[in-house]
Amino acid sequence: MVGDKARGEMNAFQRNESKETLFTFISAGDDPPKGDFPLQKKSPKLCGSNYPLSIAFIVVNEFCERFSYYGMRAVLTLYFLSFFHWDENLSTAVYHAFSALCYFTPVIGAIMADSWLGKYKTIIYLSIVYVVGHLIKSVGAIPSLGNQAVHVVLSMVGLFLIALGTGGIKPCVSAFGGDQFEEEHTSERSKFFSIFYLSINAGSLISTFVTPVLRGDVKCFGEDCYALAFGVPAALMVLALVVFIAGSGLYRKTPPQGNVLLEVCKCIGFALKNRLKNRSPEIPKRDHWLDWASEKYSKQLIGEVKMVTRVLFLFIPLPMFWALFDQQGSRWTLQATKMNADFGIYVLQPDQMQFLNPLLILVFIPIFDFGLYPLINMCKLNFTPIRKMATGMILAGLAFGLAAIIEVKINNPAEYSKLILNGEQQSLHFTLQHQGLTLAFNYTVKEKSVYSLIVFEAEGSLSSRLITDLEAKPENGLAAVRFINALSQDVNLTINSKSFITVQKNYSASEYSLLERDVYNDGKCITETGEVPLELGLLDFGASYTVVITNISGGAVETWKSEDIKANNVHMAWQLPQYLLISAGEVMFSITGLAFSYSQSPASMKSVLQAGWLLTVAVGNTFVLIVAEAAPMAQWAEFVLFTVLLFAVCIIFSIMGYFYVSVDPEDLEEKEEKRETSSRGNMIGLVTQKTKL
């Protein structure tokens, strides 16, 4: 396992939550910020140890904030699908646009903290923005508040503020925790990060299991309670802010020290600009394009930028991994809505499956670190970091291959006769004969639509009705049911004391009603002669039913039930292999990649690598939303597309890694200094203004 040069080997909990914790751990600065600080009262210690009391407030704050973020995000895709009634592609696109924004905004937070406000004030101010976003988001989920346009506007504003808040404080909180320790307490600081990341995973694991329950099992305003599912994470974020402020008097607050990311960007920009201005063949070439910044920037900075650009070059293929990984909360959740969620003792909500990832990460880390990797080393196999990352990509690709197979099994079409039309719609002529009776009629049908033809005898002659059926499975694992009234009187139907349906006489059909899956669905049928019980039996996950009321006799309703769309016959447990693969892939790809890239760069450039890593996640999510909106296709085909793309990127990354030569940053700095010393006498001083040489 590649260690971090600045700190040494990371323990298990420090390796977890790889997208957003390892980089904050390393950006925390393994050494306290240099310089003179205002004299501060030392924080009281925990139980006589060397741990400052202030870290307790920071750990609790982080747990609540991560619960808040992951809990809200767990139900977000189904919120778009069910509450806004957006289609799956639009829901996926907006979900990934939000995720991408959450990984663009940390750069803003880092610049604010390092160049302007300092970490403490940045956390306070952006946490307030975070809380406001949560509150607006929760209010926007109240159905009785305005129309859909109001709900959409409130939700989008809330999500933007949440993205600004969660992303802005992301690079600050762990770094601020590291600042609380005195320079000589390095071992205590290391253990603090273990506890810190344990709190992150605890918040993620608990929230992704609990908030879907609040959404699906609790009903408010007559439907799924999204207001509560968003309101509880909002309350946790308020608690996070209160706890953080409560420890204010105990914190060590270091002043802003300047942002190295801005310096790196300026150095690169100056080098490019200077190179373009000095294109004359009379000017001697320089060994590296960044050497063209030497007129303004120090040799040490230029040398460090050279080192970090080598690593950033390896980051170019990485967004494709995150494009697949982050679809657990979108496409995989949507897939789960079309599966059987009955585990016997518990019915799992489709968005609860996401809790498997943080759970499996906690299980896999010690297995890999203390079992798999040592075994590979004993076999004397050269399992380099590049090969580990490539293996992680392959595992993620295989996970999407399994998802494609499951999707094909899920979407077995209903058994309808298919007709090829002459255009978008066509008039069809029907002739029926039954027991000497003949019926001829015409109906106009539209393409890509599904119909049922009802033929019945009325007053000695044949009659018919053409009714439109559902084209796809009901959303969120619900069951759809409609009624056809074959009686000579109107009926009113009540199902599970919730749905009230009026169905007119003479084979009129009701609209579809969406009901939760239940083995015993009892109702009432109210007619002119009185009220009688109505028993529907099992209405299963994802099925569509037509119930024909044929007669009322003996104080009971006689019905005939048809299953038009088959129930979800693929169990949700079949998603477990793909979660196993992608979680194992995350351990091998993300954790190894960060440890390796950080070992290849100087300590002063860690924040630059942090920004680069975050941008790979953001770009990956951006790619998903582009595919979802610009190239809609069958879901299984989209899974195959992402599988092929990741395998192709894996090959490219492996080739790049083959030619990459690992270095020790300290040795490289020494060589750079010697080279610069020997060539200093040959360097021509250039003026970057518009003057002649």
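Modeller: V408, W636, V640 and V644 form a nonpolar patch on the surface, together giving about 350 Å² of accessible area. Patch members have over 30% relative accessible area and no salt bridge; nonpolar side chains (Val, Leu, Ile, Met, Phe, Trp, Tyr) are joined within 5 Å, like charges within 9 Å. Areas come from the Shrake-Rupley method with a 1.4 Å probe, and for residues only the protein chains shown count as cover. A salt bridge puts a side-chain nitrogen of Lys or Arg within 4 Å of a carboxyl oxygen of Asp or Glu.

This is a predicted model: local features need pLDDT of at least 70, side-chain atom pairs count only at pLDDT 80 or more, and totals for chains, interfaces and linings use all residues. Residues are numbered from 1 along each chain as its sequence is written, and side-chain values use heavy atoms, without hydrogens or water.

Helix 18 (residues 635–659) gives the most to the nonpolar patch, with 3 residues. Helices are DSSP runs (H or I, at least four residues), numbered from the N terminus. V640 sits in helix 18. V640 is partly exposed, because its relative accessibility is 36%; buried means under 20%, exposed over 50%, partly exposed in between (1.4 Å probe, protein chains only).

Now the loop between helix 10 and helix 11. L290 lies there. L290 is buried, at 0% relative accessibility. Beyond neighbours within four places in sequence, L290 contacts I268, A271, I302, V305, K306 and T309. Contact means heavy atoms within 4.5 Å. L290 and I302 are 12 residues apart in sequence, and 6.6 Å apart C-alpha to C-alpha.

Note on methods:
Helix = DSSP H or I, 4+ residues; strand = E, 2+ residues; numbered from the N terminus.
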